Amino acid sequence: MERRAFLNRSLAVAGGAALAGTAGLPAQAAAPRPPVHLVGPARALGGHPANRAPLRQEPFLRLPPGSITPKGWLREQLDLQLNGLNGRMPEVSEYLDPATSGWAVPERDGWEELPYWLRGFGDLGYVTGDARTLEVTRAWIDRILATRQPDGFFGPSALRTALNGGPDFWPYMPVLDALRTWHEYSGDDRIVPALRGWLKYLDGQPATLFGQGWGSARCGDTIDTAYWLYNRTGDSWLLDLVHKMHANSADYTTAIPTWHNVNLAQGFREPAQYGVLAGGSALRDATYRVYDTVMRRYGQFPGGGFAGDENARDGYHDPRQGFETCGIVEYMHSHQMLTRITGDAVWADRCEELALNMLPAALDPLQKGIHYITSANGIQLDNVPKSHGQFDNRFAMQAYMPGVHQYRCCPHNYGMGWPYYAEELWLASADGGLCASLYAESSVRADVGDGVTVTIAERTDYPFGETVAFALSTPRTVRFPLYLRVPGWCRAPSVLVNGRSVRARGSGGYLVLDRPWQHRDTVELRLPMRTTVRTWGANRDSVSVDHGPLTYSLRIEEAWTRFAGTTDWPEYEVRPASPWNYALVLDEKDPTRSFTPERTRARAANPFTHTGTPVRIKARARRIPTWQADDQNVAAPLQQSPARTTEPVEHITLIPSAAARLRITAFPTAGPGRRASEWVACTASFSGVDSPQALVINATAEPEDSFDQSIPRFTWWDRTGTEEWVQYEYAEPVRTSGVSVYWYDDTGHGACRVPQSWQLEYRSPAGAWQPVSGAPAYGTATDTFNRVSFEPVTATALRLRVRLRSGVSGGVLAWRVRLS
């Protein structure tokens, strides 16, 4: 389904959940930390203007593009991008054809594709210095500016009236970003007038415009551009425009206006952005509350994303759910912006978690293909639609391909991920200093102190090692503060200056070195890494394993099959060639003792592959035979841990999750005795639009009524009047004497009704199916659990055999088995 089709659907839930109070998240760096306190007052800075009054001063600012030179593994990712999909997108995307794009020829069509691609592509050129990329960027900037009209409008003419007779201002948001960074890199004096003209045109639109379309949910992007322009022109009408946009766009201050994953990834920061103008802490707090609410409901698994395989859906929060690639890079971008706005290091932690654990797995190792969603638990990446409601889209979206005609947003948009990350490694502090915000081998050239230009070379193999070394070059002694982010997972950081231990002042999540600096001064930051185990209570007490900033996944052997494409642009499916259904065996007193970190001998430049990763972890596990894939090769949802399993203990290998395209990252645990839970494999005689896995998901659900739409459901639709069944299968024989069934019935809405009749059958250890004995009646009441007791049986499987009513179908919301 096209993304446009989701617009009305996702914004239609504007009356959605009210914001819950702030609560801690079971994540590596979940809880907010106190904001940084700058050493000195804000001062004028060359090349990166600070906020003009009345805008509040932000503690950190972006450095001009080109200030930072990434090296090491990050440079390798950027080089792969240059030679991969983003860098060569004009070869595969007709949306980038200058002869047919409305961004070059206003009479032709154009929407978000060119803007999405150009903002990442341009910054790829700025951070790598690649001449071809810079020339193509310049050519597109020239084409776009040549479409300017006297009233300030530019781009495809059809966009003037595309949104209910008014302008669709959403696709302009990413193109404004592209124009801004081009100006910062090149000094092109055409950009400021062009942006001023467009925003003046926008200011002339009725206020109701800002409550419509994708732009309503993502208005913070335009607010950011208005601030950028105001800091350069001082035009006060720009601030009036900001007030107007905030007052009339999607409201993130009192509710969550949309559950569309990309809308949330971009939109949740809007209150904090508006707060830069409006002041006070309430707006900043609203952004934290929205993030907290979303992540507590849908982000209860490792990797930093949330269950948004289009829209987040009630009941679908298992780690098999995916996070859209657009969501990954937009969430990273939001976290980067909030790092600068708030000075809270937790946002850099969150950006790092996404970049180092999720983003690489969204791409094939050579970045020739991309997929739409990445899951914490994903055991097959094929080009097959999932039609049972497992995901919130029914098109194929897991194989690696250019994807331009399958899900065209992500292939065009993903390109900003690594370039923006590289540009946020270093930030200017508003008091004339520098901040090492994200860690990777690099060098930075920037003005500090009273205007002295210094260079700092950063040497490190972080996140695979725990030491970060800095070497300063300066033409003369200069005093300035150096802020070093301490990741939230790090307990005992230490700093050496010129080889000697120093006591650095802590401020928020940073260590601060404020001193006169001389040529060839060195700093060594040590961030001791340890193995930790996170428990995800909202996902059945599953666990994940971290070492430092890296989350680890099961190493599943990957069978790659090219199913389409060309030599330059192959399209791949990936299937498992080794078992994946493992539960970890943990030391009960100290779970971290269950894992042994190791270094490998890998020297490959790309560490995000099985063979290239320099680190791994050894662990012990038992298989769970009843944890299986469904009939469309999607992993069944997690059930309660610890899981009862008598399978033998095996030694398994965990690798950084970014290196695992097939991945189990949220693990069940294995446990003995009555404390452990029996896991079931759930299958049915027929799966149409609904999956029997809903009964696994709803193991503890209490439906409100038989038409409860807030939880997943299983139906036999569109079978009518037939005999059907749904079955629980156990790995070991179980003893039971009762079941409870909650029927689905959508009378007045659809064609599902309680069944005409049903009975319970069991499969004995000998393998024969037979009905239970002693059941007095099989209830078919609506809006309640129908409980049935019978003579105890020992069974390896249980089956509801159902006769559907003539002319209608039926289904089940919940089915529970009372085990003895």
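1. Contact here means heavy atoms within 4.5 Å. The model is predicted: local features need pLDDT of at least 70, side-chain atom pairs count only at pLDDT 80 or more, and totals for chains, interfaces and linings use all residues. Residues are numbered from 1 along each chain as its sequence is written, and side-chain values use heavy atoms, with hydrogens and water left out.

2. Helices (H or I, at least four residues) and strands (E, at least two) are DSSP runs, numbered from the N terminus. The buried residues of helix H9 pack against helices H6 (191-203), H8 (220-233), H11 (270-278) and H12 (282-298). Among those buried in H9 are Trp237, Leu241 and Met245; buried means under 20% relative accessible area, exposed over 50%, partly exposed in between (1.4 Å probe, protein chains only).

3. A cis peptide bond joins Tyr462 and Pro463, with omega about 15°. Pro463 sits in the loop between strands E9 (452-460) and E10 (467-473). Another cis peptide bond joins Trp717 and Asp718, also with omega about 15°. The loop between strands E28 (714-715) and E29 (723-744) holds Asp718.

4. Most residues other than glycine have a negative phi, and most peptide bonds are trans. Asn164, in the loop between helix H4 (131-145) and H5, has a positive phi near 50°. Its relative accessibility is 70%, so Asn164 counts as exposed.

5. Glu310 has a positive phi of about 160° and lies in the loop between H12 and strand E3 (322-324). With a relative accessible area of 1%, Glu310 is buried.
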